[in-house]
Number of protein chains: 2
Amino acid sequence: MAFKTSNVRDVRITSQFWSQMQTCSREITIPAIIKAQKDTGHWYCLTWKEGHPVKPHPFWDSDIYKVTEAACYFLMTRDDPTLLAEIEGAVDMIRSAQHPDGYINSYYTVRGIQNRWTNIRDMHELYCIGHLVEACVAYESLTDSGRLLEPVMKAIRHVASVFGPEEGKKHGYPGHQEIEIGLLRLYELTKDPLLLYLAKYFITERGKRDEHGETYYDHEAKARGADPYDPMGTEMRHTYEFPRDYAYHQAHKPLVEQDEIKGHSVRAVYYLAAATDYVRLSGDQTIRDAVNRLWRDMVNTKMYITGGLGAMRQWEGFGPRYILGDAEEGNGCYAETCASFGLTNWCTRMLRLQLNSEYADIMEVALYNGFLGAVGLDGKSFYYENPLTTYSGYAKPRSTWFEVACCPPNVAKLLGSLGSLIYSSFDNVVAVHLWIASEFTVAQGNGTIISQKTNMPWSEEIELTVSGPKAVSLALRIPNWALANFTCSVEGEMRQGYLHLSEVQNCTVKLHFPLEPRKVYANPMTGKNEVAIMLGPLVYCIEDIDNESVNVDYVALTDAPVRKGPPKNIATVEDVIPIHATGRVLQNAKWSSLYSSTPWQWSEQTVDLVFVPYFLRMNRGGNGGMHVWSKRV
Amino acid sequence: MAFKTSNVRDVRITSQFWSQMQTCSREITIPAIIKAQKDTGHWYCLTWKEGHPVKPHPFWDSDIYKVTEAACYFLMTRDDPTLLAEIEGAVDMIRSAQHPDGYINSYYTVRGIQNRWTNIRDMHELYCIGHLVEACVAYESLTDSGRLLEPVMKAIRHVASVFGPEEGKKHGYPGHQEIEIGLLRLYELTKDPLLLYLAKYFITERGKRDEHGETYYDHEAKARGADPYDPMGTEMRHTYEFPRDYAYHQAHKPLVEQDEIKGHSVRAVYYLAAATDYVRLSGDQTIRDAVNRLWRDMVNTKMYITGGLGAMRQWEGFGPRYILGDAEEGNGCYAETCASFGLTNWCTRMLRLQLNSEYADIMEVALYNGFLGAVGLDGKSFYYENPLTTYSGYAKPRSTWFEVACCPPNVAKLLGSLGSLIYSSFDNVVAVHLWIASEFTVAQGNGTIISQKTNMPWSEEIELTVSGPKAVSLALRIPNWALANFTCSVEGEMRQGYLHLSEVQNCTVKLHFPLEPRKVYANPMTGKNEVAIMLGPLVYCIEDIDNESVNVDYVALTDAPVRKGPPKNIATVEDVIPIHATGRVLQNAKWSSLYSSTPWQWSEQTVDLVFVPYFLRMNRGGNGGMHVWSKRV
């Protein structure tokens, strides 16, 4: 069984909630990203020749490719000649930036191409090409013109001439995974065996050691005349805990030997997303076992309740198991936007491998929380990091741009391709993973349409209508939070969290997912004797703007149940359900010293505390106090 | 008023507790350190010439100097011809290692002296000389032979020819402070004005910026052909948060402009100890204000209850205010041994500037907890880091040696010079800072002796007998934990935590400090709603070896009072008072998932939990579970 992800073009999102997010992304985010790149000049880096006075950053190319890819997704469901012209211009620029041998990278073009491929650990040449390949998949799916496929295949043939297992080639692999994803996506589009071959090579070569215990990164460092063992040397990155800390790149050992997810979170989930596709395409059981082990390790020991990944700021990545600090202060809780983005990508690939609602549950959590809150409701301000706690007096508004600008285009990429996450199909089975109002045109269905009507995440009711000439079997994901008490108007069979209904045709299925707020607690291994509030897939937080009579840094929840408040608009989002909780206030919060013999004293009287969805945080100003987890009293 | 620290030679420690620690240090630690240096070859690095096949580490020289200094302290109170011969041999080696112009450093001697003084930010040349100067102070105080003073003054004149405010000299300052301490100590011994001049220069030049906002470190990096602004470049240290993060070296701004203690903790407290001496010697009020500001910031926002400093592993230093994680895991709680050592040195200098018991209280806490636990009772195993929590199943025994071996010799230095921390004097006033059984020969007292009898930290009683021809006034520090209910047999006047008794002669003063265990709580700004137990200056911890019926990672204390248990021997330490507390056990500690809707459930039944002094941790084996702070239930 291998499910096929639905084509973006075949899904029309009708959800008011998600349409609003998509419109904002299409109309504001993408133009804002392109404008920022043009204003800073980054957009033109591909046109620069050797010796250009501005020296491109190693990843500027990727920003161009990523926004191109994102734009293509939006263009698949809605014409926009201006945006299309912009994208065609980018394609022209890419075509003319390529060197005759297929190489393309502004960093080395400007600085001198003779140094290319000498530091693939740090210099992102393969990473950038990877994003170019993904842009190509999107662009060719949109236009089928071949205008990007041609230079991309030329670039890939160049890469394959430099890297590979064959004697005389460099036995290297990218310092930041991404090209593996691109290669496999393009392979699925064109079936060119070189793409699968090269992806397999990069996935399996990573982390191999020679008889001296050295990796390719040691070899290339020495070839540059550097000493990778020197703790004071040039090879000691500030993201390493110790010299040769290749766990940062997931290159400390081969994937099949790894049993703990480590290092830079975005690299890790990009790698695992690609490996998951590779398992599906190759049937490799050893890699499948490794992917499953690392999934289990991440989900059971290293994932924030929001679907955020990466508790360590120093290496923007995973910390030790169960160490999940909530604040950015003190170098904890990085939870990079791109990592939650990458996690949704990994989940959708796991779902193609195995229909198990755990993958969709986590995709949904990452989507609504770790990911969605990264973009402001203005569509043009972004979080790079998504901590679960910020303190009163230290407001952290979103930024309009970053020097390292990986996150904003990923926001647009995911919102543009959101439709593809909702449905997948295999033979006549259509799986519904996300409960987002939309219309799905069934492939080879002769016009058969699945229409999903719901006001999720604010409503408990879903109507799924199958209409048209083809009968389809449905696999409906029952979210973990509704598993105990959902109802469905049609009887079906539950298997791994999906309710299977056979041969549905011209029929409406009604689902009811009781939407009661619930308290969630953390594994004691985390040391966190605290409580969080969720409603459906939404993680809630307390913000000072809704709780002006208290200092939200110093409140605790009692054991009383939490309750839904009447729906209201929060900033530009309608129908939001706030949650009310009963709390107490710390009465002696102000101390003159660091330690004292007087214990914390909580108020006798309780207070009503208001919680709102985490993704809506810091959209209405406020003093900065925001907490997902609350103390218990 | 400027108190003079007592001479090591004038204090005979009679305390069974501290004599045991000193004997262990003299008989085991110092020989072990010298043996380790000889076994590894480091000891001989000063004899190596250019091109020697082994390349010294930048700080190996300092280990030789530090153990030499420590040995001298022990030799001041007890003859040991073998040890003295060893030290004289080291002095011979130092004398012959010096270059004709006064330069001395094995790192550059072996690698090529032409590169000396090109990277004082990282390369520790001035740091090593600083330790040499301190060794000189100890050695000359012991021998008065001039054999080390001569090469040391030659080295200092060389340094002064290279660095200084004068045109044509490098306007640099050490990347790791230490020479400032040495210069001022030697100045107090010899009164050579060059020493004060150079110390002032290094203390005040640090952190100055030119009209482009650049510091000396930027200048020297550029002179090396490097780009300090490049986040991927050679100047981006792994201990930096961002390029040019000179807060690591306390060089982000001049001392007089600093209002938050930042960066590498050892560097910071060495710097501030020297600045405090400089204030006393110069009367500089602006620096005094800065020292006081940074003291207050550290004590009120960044110090562990143990006197440990440095919540951030990445830069081995201070984190943001109130961020004080207890576990090493997740890059928190570095609490380096050398930082608590440096803190005691800073405290003793603050006490010379101003007689205020806060400085002695903190010195005592750092001494008994953050510092003393760093050495095993075997005298030859050490902690570099001193976290407040370790987990069951992850035992962290002390190590016998470190590649970067700064901590073990500092342990010997402090234990060797412990006598000098106990008393200080000014005119006919003798201040008693620490309650450690000992005999102090009053300077110019014609044989007047102050005899302190006590079994502290295990007893409440102290007898202080002044005998001999001279009447002295006493300033007796009343510890903060005894302030409310101490008694003294002689009436006196309390001023800033010291009880002043006038003109005491041939008289015994009896002090009683009720020693009841107490619960201590942390400022809510830390987020730590937990409780710690203290008895006098001792911080306690729970260890699994005393609490085998429970998992100490999953217990909480009730509000019931804590109680002293009967004294017992713990490992080799006699009369230790354990503390008993009433706790509950987490009944559902084992979870299959990271998050769940089931809250933590504490046992109905209470259990008796045993706590022991933190400094005794991990001396009896065990499974590794150890916690200073306990949850409350």
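Biologist: What rotation and what shift along its axis superpose chain A on chain B?

Modeller: Start with the general idea. Two copies of a chain are related by a rotation about an axis and a shift along it. In this predicted model, a rotation of 180 degrees with 0.0 Å of shift superposes chain A on chain B, with an RMSD of 0.0 Å. That is the relation of a two-fold axis. In chain A, the C-alpha nearest the axis belongs to A:His238, 1.7 Å from it. The superposition is by least squares on the C-alpha atoms of residues with pLDDT of at least 70 in both copies.

Biologist: How do I read the numbering and the cut-offs?

Modeller: Residues count from 1 along each chain as its sequence is written, and chains are lettered from A, ligands numbered from 1, in the order written. Local features need pLDDT of at least 70, side-chain atom pairs count only at pLDDT 80 or more, totals for chains, interfaces and linings use all residues, and side-chain values use heavy atoms, leaving out hydrogens and water.

Biologist: Through which surface do the copies meet?

Modeller: The same one, because 100% of the interface residues of chain A are also interface residues in chain B.

Biologist: Now the sheets. What is the strand order in chain A?

Modeller: Strands of a sheet pair through backbone hydrogen bonds, either parallel or antiparallel. Here two strands pair if DSSP finds at least two bridges between them. Strands are DSSP runs of E, at least two residues; helices are runs of H or I, at least four; both are numbered from the N terminus. In chain A, six strands form an open sheet, β1-β4-β5-β9-β12-β11, with mixed pairing. Its edge strands are β1 (4-5) and β11 (493-495), each pairing on one side only.

Biologist: Which strand pair shows the antiparallel sense in chain A?

Modeller: Take β4 (residues 423-426) and β5 (residues 429-432) of chain A, which pair that way over four bridges. A:Phe426 has A:Val429 in β5(A) as its bridge partner.

Biologist: What is the sheet order in chain B?

Modeller: Chain B has an open sheet of six strands, β1-β6-β7-β11-β14-β13, again with mixed pairing. In chain B, β6 (residues 423-426) and β7 (residues 429-432) are antiparallel over four bridges. B:Ser425 stands opposite B:Val430 in β7(B).

Biologist: Which helix lies across β9 and β12 of chain A?

Modeller: Helix α13 (residues 357-371) of chain A does, at about 60 degrees to β9(A). Axes are lines fitted to C-alpha atoms, for helices over the stretch in contact; angles run from 0 to 180 degrees between N-to-C directions. Contact means heavy atoms within 4.5 Å.

Biologist: How do I read a single helix? Which residues of α6(A) are buried?

Modeller: An α-helix has 3.6 residues a turn, so residues three or four places apart point the same way. Buried means under 20% relative accessible area, exposed over 50%, partly exposed in between (1.4 Å probe, protein chains only). The buried residues of α6(A) include A:Val152, A:Ile156 and A:Val159. Its buried residues pack against α3, α5, α7 and α8 of chain A. Just after α6(A), A:Gly164 takes a positive phi of about 160 degrees.

Biologist: Finally, a loop residue. Where is B:Thr572?

Modeller: B:Thr572 sits in the loop between β21 (568-570) and β22 (573-576) of chain B. Its relative accessibility is 46%, so B:Thr572 counts as partly exposed. Beyond its neighbours within four places in sequence, B:Thr572 contacts B:Gln20 and B:Leu377.
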